[in-house]
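Trainee: Please take a close look with me at a single part of this model. I would like to see how that part sits against the rest of the chain.

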Amino acid sequence: MSAPAPARPDPRAALRGGLPDQYLTPDDIAVMFKVPKETVYQWHKKRTGPPGFRIGKHLRYDPADVRAYVTDRKTDDQAAA
């Protein structure tokens, strides 16, 4: 019998703790913010969401940049209130 494949870590854990061993994918961002993946691509195209970057044809996100984006959004919302 082969051992079961290791479970993929929860991408939201990257925002709670240290950096993961890998960058986040658009799927990870969609899960984190509970939005469709197409919304993530639109955010990137319009530069309105967390900053991402391309590695070849693949879009990736640095967890530290996503964390900073969330912090900035929270600060902006509190200042507007």
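Mentor: Happy to. Helices (H or I, at least four residues) and strands (E, at least two) are DSSP runs, numbered from the N terminus. The model is predicted, so local features need pLDDT of at least 70 and side-chain atom pairs count only at pLDDT 80 or more, while totals for chains, interfaces and linings use all residues. Residues are numbered from 1 along each chain as its sequence is written, and side-chain values use heavy atoms, with hydrogens and water left out.

The protein chain has four helices and two strands, arranged along the sequence as α-α-α-β-β-α. Of its 81 residues, 22% are buried (under 20% relative accessible area; exposed is over 50% and partly exposed in between, with a 1.4 Å probe and protein chains only). Among contacts (heavy atoms within 4.5 Å) with a separation of 6 or more, 41% join residues 24 or more positions apart.

Let's settle on α2, which spans residues 26-33. Its buried residues are Pro 26, Asp 28, Ile 29, Ala 30 and Met 32. Some of these belong to the largest nonpolar core, whose eight residues are Leu 24, Ile 29, Ala 30, Met 32, Val 40, Leu 59, Tyr 61 and Val 66. By nonpolar core I mean a set of buried Ala, Val, Leu, Ile, Met, Phe, Trp, Tyr and Cys residues joined through side-chain atoms within 4.5 Å. Both α2 and β2 (58-61) supply at least two residues of this core, and α2 gives the most, with three.

From the strand side, look at Tyr 61, which lies in β2. Tyr 61 counts as buried because its relative accessible area is 1%. Leaving aside residues up to four places away in sequence, Tyr 61 touches, among others, Pro 26, Ile 29, Val 40, His 44, Phe 53 and Val 66. Pro 26 and Tyr 61 are 35 residues apart along the chain, yet their C-alpha atoms are separated by 7.8 Å.

Next comes the helix partner of α2. Its axis and that of α4 (residues 63-80) come within 13 Å and cross at roughly 30 degrees; axes are lines fitted to C-alpha atoms, for helices over the stretch in contact, and angles run from 0 to 180 degrees between N-to-C directions. The two helices are therefore roughly parallel (under 35 degrees; over 145 is roughly antiparallel, 65 to 115 roughly perpendicular and the rest oblique). Ile 29, Met 32 and Phe 33 of α2 meet Val 66, Tyr 69 and Val 70 of α4. The residues of this contact divide into six nonpolar, no polar and no charged (Ala, Val, Leu, Ile, Met, Phe, Trp, Tyr, Cys and Pro count as nonpolar, Asp, Glu, Lys and Arg as charged, and the others, Gly among them, as polar).

Finally, see what comes after the helix. α2 is followed by Lys 34, with a positive phi near 55 degrees, in a residue other than glycine. Lys 34 sits in the loop between α2 and α3 (37-46). With a relative accessible area of 72%, Lys 34 is exposed. A positive phi also turns up at Arg 47, about 60 degrees, although Arg 47 is not a glycine. Arg 47 is placed in the loop between α3 and β1 (52-55), and its relative accessible area of 77% makes it exposed.
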